[in-house]
Amino acid sequence: MKEKIENLAKQAKESLEKVTNIQALNELKIKYLGKKSELSNLLKEMANLSQEERPVIGALANKVRKDIEEKIAKKEEEFEKRELAEKLEKERIDVTLPSTKVKRGSKHPVNRIIEEIEDLFVSMGYTVESGPELETDRFCFELLNLPQGHPARDMQDSFYITDEYLLRTQTSAVQARTMLANQEKTPIRMICPGKTYRREDDATHSHQFTQAEGLVIDENITLADLKGTLEIFAKKIIGENSKLRFRPSYFPFTEPSYEVDVSCFKCGGKGCNLCKQTGWIEVLGSGMVHPNVLGMCGYDPEKYSGFAFGLGLERIAMFKYGIPDMRYLYQNDVRFLGQFDR
Ligand code: DAH
């Protein structure tokens with residue numbers, strides 16, 4: 001029996017020395033230590049041994065078992081280390097290699113103008129408002145002093161969806177919304193950039209464009225406030241040296257009304273092809289909020305007054321960045337858009 005155990009120990013030692021991978025090691029583990037292993041079988045035979053032999057053989061068997069266990073554990077550790085080292089080697093990353101270039105997008109020129117305008121007016125205490133693009137006739141026209149059948153409705157050809165709903169033709173609709181939402185609360189100082197739609201089908205107009213609306217309501221607001229505000233707007237958004245010219249005009253929602261020209265972006269007022277030799281470029285409509293509008297939108301015209309203005313942002317972007325054709329703004333050509341990278 002002793003001999004059998006010693007043989008087994010020798011055999012185990014030899015095969016464990018030769019083992020080269022974890023699977024083979026697991027097989028050996030079963031072979032030498034498992035329930036059906038030779039060692040287990042031998043131990044079962046211990047019952048047949050004499051009293052004196054039993055402890056001696058028992059101790060030997062235990063020692064051999066422990067020995068084999070230790071050897072296997074050592075091998076296991078060795079294999080695990082080797083596997084980890086191989087894995088690390090295989091998954092090694094060279095962080096010094098150049099990476100694939102991620103192409104950054106750029107801000108659309110119209111969005112850049114929107115952000116500039118928002119920043120400027122927020123810095124003067126304005127809120128930024130918005131309204132629905134699918135608007136009701138009431139907000140887009142009626143509350144702005146343009147009742148059904150008013151001839152000035154012809155100034156803006158509209159996309160009607162139903163008799164009541166249309167795609168808003170002007171962000172001025174948001175004036176009425178803001179006033180009705182505030183009801184005699186003052187001051188209102190708001191700016192509203194947004195998309196607008198008109199049925200235009202000639203080469204120089206788009207059916208969809210972008211406007212920004214401004215509105216201020218309080219007690220004692222005068223034309224001087226409008227002029228001062230627009231002067232700041234022109235200096236900050238268009239150019240430090242720009243001058244403004246107010247031309248009397250007509251809008252149903254303001255009285256008096258003005259179209260405002262700015263000294264030419266390109267020649268500064270001397271006259272060039274951009275301003276058609278006039279030195280001036282028309283940029284916005286404005287005026288003092290009409291008493292009818294104040295009244296319909298919940299502000300007593302005897303007590304409150306206000307000014308409003310609206311401008312087309314594509315025009316501003318084109319002049320400011322020297323974009324020769326409005327269609328560039330809609331074609332999403334990255335060669336064009338990439339030029340406006342910050
Ligand atoms: N809504 C006008 C347009 O689209 C522009 C405008 C003119 C807005 C005068 C105003 C304003 O707020 O007071 O042509």
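The model is predicted: local features need pLDDT of at least 70, side-chain atom pairs count only at pLDDT 80 or more, and totals for chains, interfaces and linings use all residues. Residues are numbered from 1 along each chain as its sequence is written, and side-chain values use heavy atoms, without hydrogens and water.

**Exercise 1.** Determine how helix α1 (residues 2-18) runs against helix α4 (residues 53-90).

Step 1. Helices are DSSP runs (H or I, at least four residues), numbered from the N terminus.
Step 2. Axes are lines fitted to C-alpha atoms over the stretch in contact, with angles from 0 to 180 degrees between N-to-C directions.
Step 3. The two axes come within 10 Å and cross at roughly 5°.
Step 4. Therefore α1 is roughly parallel to α4 (angles under 35 degrees count as roughly parallel, over 145 as roughly antiparallel).
Step 5. The contact (heavy atoms within 4.5 Å) includes Ile 5 and Leu 16 of α1 and Leu 60 and Ile 68 of α4.

**Exercise 2.** Determine how helix α2 (residues 22-33) runs against α4.

Step 1. Their axes come within 11 Å and cross at roughly 170°.
Step 2. So α2 is roughly antiparallel to α4.
Step 3. Among the residues that meet are Leu 25 and Tyr 32 in α2, and Ile 72 and Phe 79 in α4.

**Exercise 3.** State the domain bounds and the separation of the domain centres.

Step 1. Bounds come from an automatic or database domain assignment.
Step 2. Domain 1 covers 2-90 and domain 2 covers 109-340.
Step 3. Their centres, taken over C-alpha atoms, are 89 Å apart.

Key. Helix = DSSP H or I, 4+ residues; strand = E, 2+ residues; numbered from the N terminus. Parallel < 35°, antiparallel > 145°, perpendicular 65-115°, else oblique.
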